[in-house]
Amino acid sequence: MNISLNWLSTHLDLAGKSIREIDDLLTFAGVEVEGIVPKGVSSEKIVVAQIKEAVQHPNADRLKVTQVDAGEGALRQIVCGAQNYKVGDKVPCALPGAELPGGFTINETVMRKVESKGMLCAASEIGLPAGEDGLLILPADAEIGRPVKQLFDSDVLLELEVTPNRPDLLSHYGMARELAALLKTPLKALEIPSAKTTTATSIQIDVPDACPLYSAIRISGVTVKDSPAWLKERLESIGLRPINNIVDVTNFVLHELGQPLHAFDAAKVGGGLVVRRARDGEPFIALDESEHSLAADDLIISDTSGATLALAGVMGGLASGVTETTTDIVLESAYFASQGIRRTSRRTALSSDSSYRFERGVDPQGVIPAAALAVKLILETAGGSAEAAIQLAGEAPVVTKPVALDAAKLDQLMGGSITLADAEQILTRLGLSKRSDGAWEIPSFRADLQRHIDLVEEIARVHGLANVPSRMLGTFVPASAIDAAYDADMVLRRRLAALGLYECQTIKLISDAQVADALPLRPLQDGDTIRVKLPLSEDHAVMRPSMIPGLVASAVRNVRQQAKSLRLFEMGRVFRNAGGGKSKDQESETLGILLSGPTRPVGWDQAEKIADPFDLKGLVAALIPGASIRFSPKDREGFAIACDIRAGDQSIGVFARLLPSRERELDFNTPVFVAELDLGKVRKLLKGIEHVAELPQFPGSSRDAAMEVASTLPNSEIEGVIIKCAEALLVDFECFDVFTDPSGAKLAADRKSLAYRFHYRASDRTLKAEEIDTAHQRVLNALSEKAGVRFR
């Protein structure tokens with residue numbers, strides 16, 4: 001939000017306060033100042049100078065050498081490239097040391113071998129609105145040597161980020177009210193005429209829960225034209241473009257008081273006004289000429305004929321807007337429930353200053369005063385006559401309740417740094433009033449103050465957190481399970497980073513479409529996903545049941561930025577209902593991994609290698625050294641291939657490849673492999689302190705075995721049989737060859753040939769050949785009996 005310091009000064013006295021002091025004051029009070037933009041001439045060293053002479057530069061066709069009088073008693077030589085001046089004109093002259101917008105400082109210099117002792121300036125070069133090309137020609141009566149800043153109004157634009165719980169600060173008066181409390185400065189009273197109201201006869205509210213209060217007043221005989229200079233300057237000071245006097249008044253009141261208004265062309269309103277829900281699919285063309293198909297939960301303003309006039313609280317309709325031919329208007333001022341406005345704004349992708357404020361909540365008691373101020377300004381700027389009373393339908397909702405301040409808890413939380421009297425004085429300055437029963441009456445513009453602790457927070461903000469004394473330093477706390485989990489996670493992060501992966505941090509909310517990418521440890525059933533009751537947008541409608549959707553979305557953004565190799569991971573919580581939504585919600589912590597694209601750079605000495613399942617398996621094995629990692633095939637709906645990831649006897653996660661159709665849809669040119677691991681189980685597999693194992697003292701020996709099996713037999717089954725065999729002398733084994741012949745010429749098409757190498761060793765002696773052969777035969781017998789292997 002933009003705030004003009006000059007505009008702010010109309011509500012309170014800021015004399016003697018530097019912009020830096022105001023910046024610090026707002027920042028420490030919880031209002032983030034994102035930018036400070038000076039407007040107008042800021043430097044005292046930019047002065048009025050008169051051009052006494054201008055001759056052609058001896059070494060440049062487009063430059064002239066001027067002699068100017070800057071009020072110094074002697075002429076100053078300046079090289080200038082502008083062409084729109086003549087001798088005798090008065091122009092801005094930036095003397096050496098002057099600082100121009102953008103941090104550029106003027107120095108004496110030499111231009112094409114001619115000395116130049118300053119700079120003659122255009123309007124835009126000294127912080128004024130851009131004018132004609134060339135120098136800014138000043139009035140003939142401007143005093144030579146006088147700082148130019150004294151000839152023009154200057155201002156400072158504050159770019160503020162207001163937290164969603166403080167909609168009362170989304171106006172100049174609201175911000176002035178806050179500063180007045182912080183500075184202990186009186187707040188100037190608003191000059192708003194009293195307004196008469198009458199029960200509406202031409203306003204119908206069909207949905208009072210979405211619109212508790214609606215007012216309208218007809219103003220006849222207006223002349224739509226340019227706004228007066230003061231109104232234009234106010235709007236331009238905060239970056240708004242003036243449109244016409246009617247629209248400009250509504251924008252002024254919005255930024256003055258924080259209450260959105262809208263003006264309808266009365267000639268385009270058929271009968272009275274109706275606040276209702278839209279019909280599903282009802283068409284609407286907004287003021288920005290965008291076309292929309294409305295949903296049944298959108299709130300609209302229509303006339304009695306059914307024509308849609310505006311999308312309530314978001315934007316007016318093009319057909320009912322004020323134009324140059326408008327003579328009569330209907331001015332709307334209303335209170336709309338924030339949830340519905342937020343939902344409609346997100347769904348239609350229509351955002352306005354009005355929706356921004358309604359989404360956060362406006363002051364219900366500010367509806368009528370804002371309308372009264374707007375009527376006064378419209379009559380002043382556009383003429384005409386207004387109805388005697390504002391038509392009012394519904395009633396202002398009560399959004400606050402009395403809150404008691406616990407003096408004992410206040411003293412405890414503030415460390416005794418403030419007396420109760422001073423604390424009560426702060427609350428009074430913030431607009432609260434103390435009741436006879438000791439509770440505090442909360443003003444309608446502070447709906448965020450609901451509890452005792454909210455009052456303490458306000459007192460602490462104004463009092464200053466720096467004034468609250470520090471407490472005793474933390475005492476020793478023994479290590480806990482939480483500490484151990486954190487340490488284990490940091491070990492995993494460091495290992496993954498060392499393996500070339502990049503950590504992602506994604507939001508815990510995903511869209512319905514992203515649920516298809518989920519790879520939870522246990523397949524989802526109907527009702528397992530947890531939906532957000534009032535999502536900010538469709539992209540944030542579901543609490544993630546898996547880390548994979550966020551990783552896939554991150555990978556897509558990287559691919560569309562021409563990234564080739566993707567190695568991503570993320571740790572975090574996932575959410576689901578237990579038992580198809582019949583039990584309470586569950587949270588668990590998982591580790592997601594995504595691999596895609598080349599695994600190494602292409603060079604003259606090595607060809608490109610694309611990531612495959614074995615890269616991911618090797619990565620998991622390196623992550624948990626000492627664990628025997630196996631991939632056990634298990635189908636997962638929505639994925640091309642899938643496996644359970646097993647460490648020894650337990651399942652620790654899931655592996656899968658996205659469907660090729662899904663990869664193409666997301667613009668991937670290479671296969672995308674993902675894995676999700678149960679963090680709790682992975683932490684337990686980490687051994688903590690790694691101990692160095694002694695090198696074997698006795699030699700080992702290897703035996704190879706060629707075997708023929710069914711082509712559908714997974715390697716994991718063979719590995720499982722070998723592990724369950726539990727041969728004491730077998731220390732390692734590996735598959736080093738696979739052969740198939742789809743033609744069936746050398747090997748039946750439904751068979752495959754595998755070659756394994758088995759390593760045997762004893763820790764206390766050198767094995768004899770007979771011992772090795774006997775152990776090897778036991779392994780082969782187990783494979784033959786339990787896996788149906790035929791040896792070749």
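Of the 792 residues in the protein chain, 45% are buried, meaning under 20% relative accessible area with a 1.4 Å probe and protein chains only. The model is predicted: local features need pLDDT of at least 70, side-chain atom pairs count only at pLDDT 80 or more, and totals for chains, interfaces and linings use all residues. Residues are numbered from 1 along each chain as its sequence is written, and side-chain values use heavy atoms, leaving out hydrogens and water.

**Dimensions and contacts**
- The C-alpha trace spans about 115 × 80 × 65 Å along its principal axes.
- Among contacts (heavy atoms within 4.5 Å) with a separation of 6 or more, 70% join residues 24 or more positions apart.

**Charge**
- The chain carries 88 positive and 106 negative side chains, counting Lys and Arg as positive and Asp and Glu as negative, without His and the chain ends.
- The centres of the two sets lie 4 Å apart, each charge being placed at NZ of Lys, CZ of Arg, CG of Asp or CD of Glu.

**Strands and sheet**
- The protein chain has 18 helices and 41 strands, which are DSSP runs (H or I, at least four residues; E, at least two) numbered from the N terminus.
- Five strands form an open, mixed sheet in the order S14-S17-S20-S21-S22, where pairing requires at least two DSSP bridges.
- Strands S14 (203-205) and S22 (315-316) are at the edges with a single partner strand each, so one side of each lacks a neighbour in the sheet.
- S14 runs parallel to S17 (residues 273-277), joined by three bridges; isoleucine 203 has leucine 273 in S17 as its bridge partner.

How values were computed:
Buried < 20%, exposed > 50% of the residue type's maximum accessible area, 1.4 Å probe, protein only.
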